[in-house]
Amino acid sequence: MPRDAASSALLAPGPSVTSAAYSAQQSGHHHHHQRDSSFAHNLARARALFFPYMLPLLLVYVAEYTINQGVAPTLLFPLASSPFTEFREFYPMYGFLYQLGVFISRSSTPFFRIHRLYLPSLLQVGNLALLTSHAVLDFLPSVYVVFAVVFWEGLLGGAVYVNTFAEIMETVPSEDREFSLGATSVSDSGGICIAGFLGILLEVQLCNWQVSQGRDWCRQIKVG
């Protein structure tokens, strides 16, 4: 056998090497196909969750955190008509009342269930509209009315959260339940992120508007 032919024969893969390479290639294609199929399947499952569970949770979180971060800092009243001595005391009270409402409603499922998730979500959007309108027009007669609305806001937010996941636990088949809980939880994080961006814009605009109307309380907040 000529030397060049012998060298080529030694360098060429034998039957076992060729077979292994072919098997590895086929295995790679198989796993890639499995990944594609799994992703498409999970995407279809997530789409099925969007309207019944993810959207109402997203709406309630966008509304309530826009209130908390963008509107609540401007919900100020004359100190003489409030229980406070400084303007910076309003916001911590709003935060406490909101969290109290959330705590109560998240503990309520053993006693009270909500199956129509869009109703409290839309009511929360109504809270956002009401409090934003007051920040602009100054028509609510007392800070105690705002206290009640903020507490109600917490009740609605906690109720949508806990009842959304309770509905999934009850209605989604067990083999899809873990995925459904994880996928739906994206809505609250996404809603908070959207609300944070809106709050950056809204708080500044509301404060500037109030100052232009002679209500410069948001500029009088002193920390420390």
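A: Let's start with a definition: a helix here is a DSSP run of at least four residues, and a strand is a DSSP run of at least two. Keep in mind that this is a predicted model.

Q: How many helices and strands are there in the chain?

A: The chain has 7 helices and 0 strands. Going along the sequence, you get the pattern α-α-α-α-α-α-α.

Q: What share of the chain counts as buried?

A: Of its 224 residues, 37% count as buried. Ser-180 sits in helix H6, which covers residues 174-184. Ser-180 is called buried because its relative accessible area is 3%, and the cut-off for buried is under 20%. Also, the C-alpha atoms of Ser-180 and Ala-48 are 9.5 Å apart, although 132 residues separate the two along the chain.

Q: Where does UniProt place the feature "transmembrane region"?

A: The UniProt record, an unreviewed entry, puts that feature at residues 44-63 and 143-162. In the model, residues 44-63 are 100% helix and 0% strand, with end C-alpha atoms 27 Å apart. Residues 143-162 are 100% helix and 0% strand too, and there the end C-alpha atoms are 29 Å apart.

Q: How do I read a helix such as H7, and what should its 27 residues span?

A: Here's the general idea: an α-helix has 3.6 residues a turn, so residues three or four places apart point the same way. Now for the case here. H7 runs over residues 186-212, and at 1.5 Å a residue it should span 39 Å; its end C-alpha atoms are 39 Å apart, so the two agree.

Q: Where does H7 bend, and which of its residues are buried?

A: The bend is at Gly-199 and comes to about 30 degrees. Gly-199 is also one of the buried residues of H7, and others include Ser-187, Asp-188, Gly-191, Ala-195 and Gly-196. Further along H7, the buried list goes on with Leu-206, Cys-207 and Gln-210. Just after the helix, Gly-214 takes a positive phi of about 90 degrees.

Note on methods: Residues numbered from 1 in each chain as written. Predicted model: local features only at pLDDT ≥ 70, side-chain atom pairs only at ≥ 80, totals over all residues. Heavy atoms only, no water. Expected span 1.5 Å × (residues − 1). Bend = angle between axes of the 7 residues up to and from the residue. Buried < 20%, exposed > 50% of the residue type's maximum accessible area, 1.4 Å probe, protein only. UniProt positions renumbered as here; feature names shortened; annotations may be inferred.
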